[in-house]
Amino acid sequence: MLQLKQKRALVLDFTDGKRWTVPYYMLNLEGADARVNHETQQGLSRHAIAVGDLLGFKDKHVEEHFGHALRLNTKSVTLQVSEGQWRVAYSLLYRVLDGQGEQEGELLIDGERADQCSETVQGSLLE
């Protein structure tokens with residue numbers, strides 16, 4: 001830094017020798033990592049999917065579709081959805097977690113809870 005002003009600092013760029021006036025909020029005096037990571041992984045890779053997996057995607061009208069993988073092609077996956085079959089690129093897919101339980105009845109977790117009646121109810125996970 002060459003000079004401190006009321007709202008800006010005069011700095012010297014060592015690579016080309018140019019002087020810059022920079023607002024204080026743009027200075028990184030502590031050397032913190034300030035890089036912005038624009039690389040977000042979209043979609044699933046071919047190796048992360050198996051036939052029968054429950055997958056979802058959004059079509060060009062931004063409607064969501066869900067279905068099971070029937071076939072893994074080189075650049076796309078064939079999905080069986082309620083409306084028929086779709087060929088979808090791997091980059092558009094996401095994994096869907098099925099919220100339906102395999103068993104019927106109430107599932108309880110090991111532990112105790114105190115009801116309003118001050119009696120203790122015990123439960124266990126049904127398998």
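## Surface and burial

How much of the accessible surface of the protein chain belongs to carbon and sulfur atoms? In this predicted model, carbon and sulfur atoms hold 50% of an accessible surface of about 11000 Å². The protein chain has 127 residues, and 19% of them are buried.

## Fold content

The protein chain contains ten strands and zero helices. Read from the N terminus, its elements run β-β-β-β-β-β-β-β-β-β.

Contacts in the protein chain can be sorted by sequence separation. Among those with a separation of 6 or more, 26% come from residues 24 or more positions apart.

## Strand E4 and its partners

Strand E4 covers residues 54-58, and strand E5 covers residues 64-72. The two run antiparallel and are joined by five bridges. Five residues lie between the strands of this hairpin. There, Val62 takes a positive phi near 60°.

E4 also pairs with strand E8, residues 94-95. This pairing is antiparallel too, over two bridges.

Leu55 takes part in bridging to E5, where its partner is Gly67. In E8, the residue opposite Leu55 is Arg95.

## Tyr25 in the E3-E4 loop

Tyr25 sits in the loop between strand E3 (19-23) and E4. Is Tyr25 buried or exposed? Its relative accessible area is 71%. The cut-off for exposed is over 50%, so Tyr25 counts as exposed.

Tyr25 can also be placed relative to Arg8. The two residues are 17 apart in sequence. Their C-alpha to C-alpha distance is 8.9 Å.

Definitions and conventions:
Residues are numbered from 1 along each chain as its sequence is written. This is a predicted model: local features need pLDDT of at least 70, side-chain atom pairs count only at pLDDT 80 or more; totals for chains, interfaces and linings use all residues. Side-chain values use heavy atoms; hydrogens and water are left out. Two strands pair if DSSP finds at least two bridges between them. Helices (H or I, at least four residues) and strands (E, at least two) are DSSP runs, numbered from the N terminus. Buried means under 20% relative accessible area, exposed over 50%, partly exposed in between (1.4 Å probe, protein chains only). Contact means heavy atoms within 4.5 Å. Accessible areas come from the Shrake-Rupley method with a 1.4 Å probe; for residues, only the protein chains shown count as cover.
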